[in-house]
Amino acid sequence: MLVNGKPYRTIWLNQQDAGSVEIIDQRFLPHEFVVEQLRSLDDAIIAIRDMHVRGAPLIGATAAWGMYLAIKQGEASELNSLQKVGELLKKARPTAVNLAWAVDRVISKMSCCDGDTIDIVKLEAETICEEDVEICRQIGEHGLTLIESIASNKRSGPVNVLTHCNAGWLATLDWGTATSPVYQAQQKGIDVHVWVDETRPRNQGASLTAWELGQQGIDHTVIVDNAGGHLMQTGEVDLVIVGTDRTVRNGDVANKIGTYLKALAAFDNDVPFFVALPSPTIDWDLYDGGEIPIEQRAAEEVIYIEGNFNQERTRVRLTPEHSPAANPAFDVTPARLVTGLITERGICGASEAELLSLFPERLGRNG
Ligand code: MRU
């Protein structure tokens, strides 16, 4: 997608230096556009853990490139050492299943193919990235049908989509998942407006989703996390589309903390609540959302808030000095609150049977 009119992806191999992978360091957005060089396995782990990159598909792609960097720097050479590297990467963030999925995919490619290890791993990392772009594009095509149908039934005004966190192109390689239908609606000339949840505590909505929508010229409004229910009651939300970090066989959806509350409000107000779901985010090994590991992040993210003041990056304290804070980073929305899952193969209900109707190759087996 565009940054100041120039097309970018979120991660790429440096074309001048094959020992370096470049990322957009998302900690600095929206105030500064910073490109960071990753040169080692440690750089990749830190980038994932400390959220220089984030979003389930991008975390997976970064892990694949992290394995490439480990081999390039001589930190791994054989399958055994690559497995150890994979275990380190998997520990960087626990909830998004794309991380383990990408690591396992690189390892299985390496164990089944003959040839130069570095070439095999590089090709697999590139393939994971290219596939993600195509998956997100297809999710957009299917999600577009929802926006088109609302637009054709509305007498006036834009189609109002509410989204939570950032499931935009910054969370993927390109297009995004939840935002892809919006970008494709814009290309079709449909009048669309996005309510952007700020998404405390790290404010991915206010700083990332708002920024990327603005860069593409999409009409949007940032709201506090608590405003969504009110806007749904007053008829100002036509459709909710969120992303997911892990969706399990029964259709339960883990996503950024606060998603569950939006689903409850949508259910109570008959607002359709859709989840944009790339297939690598489906955990076929788990049957119930209660089994999903929920990342607990540092209390500092709740206690302090960061922003720009007089062009300077600033951190200020919000809470009383002795009040403890808790920071569960994700929650699970039960399948019964989900109107549908938008996958690259089409839209289905949030249940094992409906998921299997789109992914029949998963019938009768796990993993
Ligand atoms: O903590 P984050 O910023 O990595 O959380 C991101 C989300 O919750 C996204 O909605 C999810 O990863 C889907 S991204 C297409």
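Predicted model: local features only at pLDDT ≥ 70, side-chain atom pairs only at ≥ 80, totals over all residues.
Residues are numbered from 1 along each chain as its sequence is written, and side-chain values use heavy atoms, with hydrogens and water left out.

Some terms are needed from the start. Helices (H or I, at least four residues) and strands (E, at least two) are DSSP runs, numbered from the N terminus. Contact means heavy atoms within 4.5 Å. Axes are lines fitted to C-alpha atoms, for helices over the stretch in contact, and angles run from 0 to 180 degrees between N-to-C directions.

Two strands are said to pair if DSSP finds at least two bridges between them. Strand 4 (residues 21-24) and strand 5 are joined in the antiparallel sense over four bridges; Ile23 has Glu36 in strand 5 as its bridge partner. In the loop between strand 4 and strand 5 we find Pro30, and the peptide bond joining Leu29 and Pro30 is cis, with omega about 5 degrees.

Let us return to helix 2 and its neighbour. Two packed helices are described by the angle between their axes and the distance between the axes. Helix 2 and helix 3 pack at an angle of about 140 degrees, and their axes are 10 Å apart. That makes helix 2 oblique to helix 3; angles under 35 degrees count as roughly parallel, over 145 as roughly antiparallel, 65 to 115 as roughly perpendicular and the rest as oblique. The crossing of these two helices is right-handed, a crossing being left-handed if the near helix is turned anticlockwise from the far one by less than a right angle, and right-handed if clockwise.

Which residues of helix 2 and helix 3 meet? Ala63, Gly66, Met67, Ala70 and Ile71 in helix 2 meet Leu82, Val85, Gly86 and Leu89 in helix 3. This contact has seven nonpolar, two polar and no charged residues. Here Ala, Val, Leu, Ile, Met, Phe, Trp, Tyr, Cys and Pro count as nonpolar, Asp, Glu, Lys and Arg as charged, and the others, Gly among them, as polar.

Further along, helix 4 (residues 97-112) packs with helix 5 at an angle of about 140 degrees, with the axes 10 Å apart. Helix 4 and helix 5 are therefore oblique to each other, and their crossing is right-handed. Among the residues that meet are Trp101, Arg105 and Met110 in helix 4 and Ile120, Glu124 and Ile128 in helix 5. The residues of this contact divide into seven nonpolar, two polar and four charged.

Asp104 forms one with Lys90, the closest N and O atoms being 2.8 Å apart. The pair links distant parts of the chain, with Asp104 in helix 4 and Lys90 in helix 3 (residues 79-90), 14 residues apart. The whole structure holds 22 salt bridges.

Seven strands form an open sheet of mixed pairing, in the order 8-7-6-9-12-17-18. Its edge strands are strand 8 (219-223) and strand 18 (346-348), each pairing on one side only. The twist averages 25 degrees from one strand to the next. Strand 17 (residues 340-343) runs antiparallel to strand 18, with three bridges between them, and Ile342 has Ile347 in strand 18 as its bridge partner.

Pro201 is found in the loop between strand 7 and helix 7, and the peptide bond from Arg200 to Pro201 is cis, with omega near 5 degrees. Cys165, in the loop between strand 6 and helix 6 (180-187), has a positive phi near 60 degrees although the residue is not glycine. Most residues other than glycine have a negative phi, and most peptide bonds are trans.

How values were computed
Salt bridge = Lys/Arg side-chain N within 4 Å of Asp/Glu carboxyl O.
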